[in-house]
Amino acid sequence: MTISSTIQFPQALLEPTESIQHLLETASLYLHIPFCHTRCYYCDFNTYAGILPLREPYIRALLTEIALAGEMAQHAGGVWRRSRTIFFGGGTPSLLSVSQIARLLDACHNAFAVDEDAEITLEANPGTLSQQQLAGIRTAGINRLSMGAQSFDAALLKTLGRIHSPSDITQAVHWARAAGFTSLNLDFMFGLPDQTMQHWRETLNCALDLHPEHLSLYSLIIEEGTPFYTWAHEGRITAGDDDLCADMYEYADELLQSAGYINYEISNWALPGHHSRHNLTYWQNLPYIGMGAGAYSSFGGQRFSNVREPQQYIRLLNAQRLPEAESEIVGREQEMSETAFLALRTAMGLHLPTFYARFTQSFAQFVGDRLQLVEKVGLLEQAGEWLRLSKRGRLLGNEVFLRLLPD
Ligand code: SF4
């Protein structure tokens, strides 16, 4: 896929406002809610249909894990106790009741020192929402809603196996506004089977009519193990080809930028001040604590993942045991590489003074002569304190990383 050269450079939006040392002692919290009404045909997330009766036992297990994680942070001398963001992801967190969401939030506030102005996001399926529920979760403390809208074309929503209709999206946004949400994200997909440029233009226009503060646009990836994978191999469906996807991306980027959105990461556009602070945690390689079945955590030079199966997760926590499945030590050099390369995948790039402050070594020292070689062939460019991929570099992202990586 080609990427537009018109990406606006948004450093003013994203310059670190706190010292990197503070940020490294802060954790973003992720809560995984693995329930869905039905499985969408393209989805390979760790989520399950047909286990809704497990919701309450799962919430109780999650409450236990939140408390255990808070104790762990306490024992670590308070490092990672402060939290700037909480993210309810899934799955379909909007399948929880208002009181279940409120209990989870209370547990986070009891176990961690959550910032007063923390960004607290809940992912929602527009087909599962009600006006009352949205008002309830807003009152409970959710201040950002992220909706999997995917398309405004009814036939394409059916193709994807989604349970909602285009009018459910519009209705849900109106209810969310009435409930007081001032930060809304809508997700859309492109490169779908039988999706034309005309479909895509109409979807984006309908999306802009709703004035969301944030938009995430993803091209369809056909993942192994999904019905789409089987159907693609049987020749029953074909995803949009690379050229069409590139055209769709460029069209969206130009349209959204002309409407005032900033393309701050390859797949993400935000009105000024509305970038996702939670997702920036991942792209800036900062600490996060993931709780729930299959959730990942990364802090203090280690990475952990939880058991994936909700039943096993519940059993372990009922026995007051940590649900850890795997762990990995992340060495200093690996952390430096990952920090640089995650940042270079974003539109703003790598903030060089922050890299130095984090590792007491400059990025130029870390990669040595290789930096000049890559800059010389025009794959990287420096703008003030930021280093980012050039337009050509973005097309050859992985090659740039291979050329830069220490042996
Ligand atoms: S609603 Fe989301 S998480 Fe659930 S099956 Fe569909 S895409 Fe996957």
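Mentor: Start with S15 and strand S17, residues 386-389. They pair in the antiparallel sense over two bridges. Look for His351, which stands opposite Trp386 in S17. Keep in mind that this is a predicted model. The pair belongs to an open sheet of three strands, ordered S15-S17-S16, and the pairing is antiparallel. Which strands stand at the edges? They are S15 (350-351) and S16 (380-383). Each has a single partner strand, so one side of each has no neighbour in the sheet.

Now look at another antiparallel pair. Strand S12 (residues 296-299) is joined to strand S13 (residues 302-306) by four bridges. Here Ser298 stands opposite Arg303 in S13. The hairpin has two residues between its strands, and Gly300 takes a positive phi near 55 degrees.

Another backbone angle deserves a look. Most residues other than glycine have a negative phi, and most peptide bonds are trans. Trp80 has a positive phi, near 65 degrees, and is not a glycine. Find Trp80 in the loop between helix H3 (55-75) and strand S4 (82-90). The peptide bond from Gly90 to Gly91 is cis, with omega near 15 degrees. Gly91 sits in the loop between S4 and H4.

Gly91 is also one of the residues around the ligand. Others there include Cys36, Cys40, Cys43, Tyr42, Phe45 and Thr92. Arg39, Asn125 and Arg162 are also among them. By class, this shell has five nonpolar, five polar and two charged residues.

Next, the helices. Two packed helices are described by the angle between their axes and the distance between the axes. Take H13 (residues 332-344) and H14 (residues 352-359). Their axes are 12 Å apart and the packing angle is about 165 degrees. That angle makes H13 roughly antiparallel to H14. H13 passes H14 in a right-handed crossing. From H13, the contact uses Arg332, Glu335, Met336, Thr339 and Ala340. From H14 come Phe355, Arg358 and Phe359. By class, that contact has four nonpolar, one polar and three charged residues.

Go on to H4 (residues 98-111) and H5 (residues 131-140). Their axes come within 9 Å and cross at roughly 15 degrees. The two helices are therefore roughly parallel. H4 passes H5 in a right-handed crossing. Val98, Ile101, Ala102 and Leu105 in H4 meet Gln133, Gly136, Ile137 and Ala140 in H5. Six nonpolar and two polar residues make up this contact, with no charged ones.

H5 has a further contact, with H7 (residues 166-179). These axes come within 9 Å and cross at roughly 40 degrees. H5 and H7 are therefore oblique to each other. H5 passes H7 in a right-handed crossing. H5 brings Gln131, Leu134, Ala135 and Arg138 to the contact. H7 brings Ala172, Trp175, Ala176, Ala178 and Ala179. The classes are seven nonpolar, one polar and one charged.

Conventions:
Residues numbered from 1 in each chain as written. Predicted model: local features only at pLDDT ≥ 70, side-chain atom pairs only at ≥ 80, totals over all residues. Heavy atoms only, no water. Axes fitted to C-alpha atoms, helices over the stretch in contact; angles between N-to-C directions. Parallel < 35°, antiparallel > 145°, perpendicular 65-115°, else oblique. Left-handed = near helix turned anticlockwise from the far one by under 90°. Contact = heavy atoms within 4.5 Å. Nonpolar A, V, L, I, M, F, W, Y, C, P; charged D, E, K, R; others polar. Near = heavy atom within 4 Å. Pairing = 2+ DSSP bridges.
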